[in-house]
Amino acid sequence: MKKILLNSGEIFCIPLFMPKDDWKLKIKLSNEDLDKDFAFGRVIETSSSVLVEIFKKIGSAKTDINEIINSGIMFSPIQIFWDGIVKQRWRIIAKTENYDKSKDSNYNNLKMVFGIGEDFRLRDFSTKKETPISREEFNLKGYEFSTVWFPIDLENRILNNIK
């Protein structure tokens with residue numbers, strides 16, 4: 001399999017019309033599909049998983065990039081497995097020129113909850129500082145929990161969010 005390099009600032013399209021029982025991601029996106037409904041995301045940074053933001057815009061894969069970016073964020077940035085791109089279910093469609101994660105993705109204000117059981121910590125991505133937080137507090141404030149989303153799970157989350 002060809003190695004796929006990914007870069008911060010890349011914008012990708014997520015098909016909302018593909019079957020949600022294709023857990024092995026065997027069905028690939030075709031050029032004929034590009035006029036169907038997609039959600040869009042952007043790579044913020046990479047590590048063992050990929051930190052992305054998902055935009056509110058739903059439209060064809062040919063949607064103007066500025067329209068996508070200016071639509072706002074659907075929910076707090078999340079971590080994903082990159083299998084959707086690697087297995088050609090999703091597609092990179094553009095790159096934000098001169099991408100700066102602090103300016104373009106509000107990275108300096110990004111926080112996420114990590115932990116297990118009742119030992120939760122709120123991590124500030126820009127400073128890497130962690131502070132204890134209770135389940136009630138992170139639920140109340142709407143912080144995203146550190147879960148790495150599989151492509152089909154993320155597609156379902158997006159579909160549930162736009163209903």
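This is a predicted model: local features need pLDDT of at least 70, side-chain atom pairs count only at pLDDT 80 or more; totals for chains, interfaces and linings use all residues.
**Aromatic pairs**

A pair of aromatic rings is described by the distance of the centres and the angle of the planes. Across the whole structure, a search finds eight aromatic pairs. One of them joins Phe12 to Trp82 in an edge-to-face arrangement, with 5.4 Å from centre to centre and 85° between the planes. This pair links distant parts of the chain, since Phe12 belongs to strand 1 (residues 10-15) while Trp82 sits in the loop between strand 4 (73-80) and helix 2 (83-86), 70 residues apart. Phe12 counts as buried because its relative accessibility is 0%, and Trp82, at 8% relative accessibility, likewise counts as buried because the cut-off is under 20%. Phe12 and Trp82 also belong, together with Trp90, to one aromatic cluster.

The rings of Phe17 and Phe38 form a further pair, whose centres lie 5.4 Å apart and whose planes stand at 85°, so this pair too is edge-to-face. Phe17 is found in the loop between strand 1 and strand 2 (38-46), and Phe38 in strand 2, so the contact ties together parts of the chain that are 21 residues apart in sequence. As for accessibility, Phe17 is partly exposed, with a relative accessible area of 30%, whereas Phe38 counts as buried at 0% relative accessibility.

**Charges over rings**

| Residue over the face | Ring | Distance from the ring centre |
|---|---|---|
| Arg123 | Phe114 | 3.8 Å |
| Arg157 | Phe75 | 3.9 Å |

**Strand 4 and its partners**

Strand 4 is mostly covered, with six of its eight residues buried. How does strand 4 pair with strand 3, in the parallel or the antiparallel sense? Strand 3 (residues 50-55) and strand 4 run in the antiparallel sense and are joined over five bridges; within this pairing, Phe55 has Ile73 of strand 4 as its bridge partner. Strand 4 also pairs with strand 10 (residues 148-149), here in the parallel sense and over two bridges, and the bridge partner of Ile80 in strand 10 is Trp149. In a regular strand the side chains alternate between the two faces of the sheet.

Methods. Residues are numbered from 1 along each chain as its sequence is written. Side-chain values use heavy atoms; hydrogens and water are left out. Rings of Phe, Tyr and Trp (its six-membered ring) pair if their centres lie within 6.5 Å; planes under 30 degrees apart count as stacked, over 60 as edge-to-face and the rest as tilted. Helices (H or I, at least four residues) and strands (E, at least two) are DSSP runs, numbered from the N terminus. Buried means under 20% relative accessible area, exposed over 50%, partly exposed in between (1.4 Å probe, protein chains only). A charge sits over a ring if NZ of Lys or CZ of Arg is within 6 Å of the ring centre and within 35 degrees of the ring normal. Two strands pair if DSSP finds at least two bridges between them.
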